[in-house]
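Here is a protein model to look at together. Keep the structure open and find each residue as its name comes up.

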Amino acid sequence: MIQRSACVFLRLLSRAPTPPSSCTSKARAGYYGTQATSSLREACESSNYSRTDDEYADVEWDNLGFGLVQTDYMYMMMCGRDEEFKQGQLSRYGNIELSPSAGVLNYGQGLFEGTKAFRREDGGLFLFRPQENAIRMQIGAQRMCMPCPSAEQFLDAVKQTALANRRWIPPPGKGSLYIRPLLMGSGPVLGLAPASEYTFLVYASPVGNYFKEGIDALNLYVEDEFHRAARGGAGGVKSITNYAPVLKAIARARDRGFSDVLYLDSVNKRNIEEVSSCNVFIVKGNILSTPATNGTILAGVTRKSIIDIAHDLGYEVEERSISIEELINADEVFCTGTAVGVAPVGSITYKGNRIEYKTSTQLVSQKLYSRLTGIQRGIVKDDRGWVVEID
Ligand code: COI
């Protein structure tokens, strides 16, 4: 028997940090799914807002970084260990209450995703390849012994969250709404075992550039003491357990003035793997290479998109092992990720030696970035159906 009230209790309307001014006419007209509609309607009706669809939240859009800005709504759905997720709903953004013995708190049984909603010049609202995140969460859930929302449920939840928080989607060119789906073992467990209950939660925050460097090139530290992932581990899925262990390496690198850390394989410390928050590519001549997704590398959605775009632009792409020597001898290095976008690397430092790369405007990464953002902004034709209109 699942004791939902004991495991996760949402403090819903009473704790909302900001007014739900995304309660637009569309929301009131039943724009959201059945239960979500009623949830949102309750939230709307409990307050007196009469904003229009066009109104923006009170945010300094030119100063967005990658810090949490609390928005109006989140989405939540729960199910038991041997059940399927059925119906979730939007609620006001706020704290959740968890059992002290929740699986996610005690044993790290959790996954997260990251996807973005964009606003175009004509006012249209779009997501970029959210179905890829849905599938990746399903693969991760199998690895972490969790039930998972169907791709349809995932997409619906992401869309609802984006639309309910539409006033937080930055103006065109000023950033995006970063959407963070979480899947976690929220039920109590004491012995090491899958939790008895699971929560799928989606929240969002407007974001700008991930790194403080903005669009400037990154200076990476090649880490040969700490590792991000090991063979047979969970490095290939977006487990929450992949992230806390690299905090120390990041802190040490930042203290020394570096932007982030590039990790090596944990067996031979010879091949490059990925950066704490993103995938890595090297360029040599007309060939782009990136570490193959062999279990220790996250299958990034931006990584996958950049591979396709590179082919379109006439580059060869290799997914394979890349030695540190090849990195050192590369013409160009860049990183890709949902949060990071496409970020050029200006230098790497390995065993005390700093190697610098060209960072002119003629970079391959710049061409890839322009094509990717062009598709997202609707300036470049979206031949593959990557962008999903939500409005
Ligand atoms: C993303 O790019 O969406 C990520 O999940 C990376 C995270 C460390 C911000």
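Glu132 counts as buried, with a relative accessibility of 19%; buried means under 20% relative accessible area, exposed means over 50%, and partly exposed is in between (1.4 Å probe, protein chains only). You'll find Glu132 in helix H5. Helices here are DSSP runs of H or I with at least four residues, strands are DSSP runs of E with at least two, and both are numbered from the N terminus. Glu132 and Ala299 are 167 residues apart in sequence, and their C-alpha atoms are 9.8 Å apart in space.

Before going on, note that this is a predicted model, where local features need pLDDT of at least 70, side-chain atom pairs count only at pLDDT 80 or more, and totals for chains, interfaces and linings use all residues. Residues are numbered from 1 along each chain as its sequence is written, and side-chain values use heavy atoms, with hydrogens and water left out.

Two other residues can be looked at in the same way. Tyr75 lies in strand E2 and is buried, at 2% relative accessible area. Tyr75 and Pro181 are 106 residues apart in sequence, yet 8.9 Å apart from C-alpha to C-alpha. Phe85 sits in the loop between E2 and strand E3 (89-92), and at 5% relative accessibility Phe85 is buried too.

Now for the nonpolar core. That's a set of buried Ala, Val, Leu, Ile, Met, Phe, Trp, Tyr and Cys residues joined through side-chain atoms within 4.5 Å. The largest one has 39 residues, and Leu111, Ile179, Leu183 and Phe200 touch the most other members. Strand E2 (73-80), strand E7 (125-128), helix H5 (130-143), helix H6 (151-164), E8 and E9 each give two or more residues to this core. The top contributor is H6, with 6 residues.

Next, the empty space. Rolling a probe the size of a water molecule over the atoms shows where empty space is left. On a 1 Å grid over the protein atoms alone, a pocket is an open set of points where a 1.4 Å probe fits, with protein on both sides within 12 Å along at least five of seven lines; lining residues have an atom within 4 Å of a point. Grid points are joined across faces, edges and corners, and the volume is the space filled by probe spheres set on the points. For the linings, Ala, Val, Leu, Ile, Met, Phe, Trp, Tyr, Cys and Pro count as nonpolar, Asp, Glu, Lys and Arg as charged, and the others, Gly among them, as polar.

| Pocket | Volume | Lining by type |
|---|---|---|
| Largest | About 1,100 Å³ | 19 nonpolar, 20 polar, 8 charged residues |

Where does the largest pocket lie? Domain 1 (2-20 + 27-207) and domain 2 (218-377) both give residues to its lining, so the largest pocket lies between them; the domain bounds come from an automatic or database domain assignment. Which element gives the most to this lining? That's H10, with 7 residues. Strand E6 (115-119), helix H8 (301-312), strand E17 (341-350) and helix H10 (364-377) each supply at least two residues.

The second largest pocket also has lining residues from both domain 1 and domain 2, so it lies between them. Among the elements that supply at least two of its lining residues are strand E8 (176-185) and helix H7 (247-255). E9 has the largest share, with 4 residues.

How many disulfides does the structure hold? The count is 0, where a disulfide is a pair of cysteine sulfur atoms within 2.5 Å. Take Cys335: the closest cysteine sulfur, in Cys278, is 4.0 Å from its own, which is too far for a bond. Cys335 is buried, at 0% relative accessible area.

Last, a look at the backbone. Cys145, in the loop between H5 and H6, has a phi near 55°, a positive value in a residue other than glycine. Lys269 also has a positive phi, near 50°. Lys269 is in the loop between strand E11 (260-264) and strand E12 (272-275), and at 36% relative accessible area Lys269 is partly exposed.
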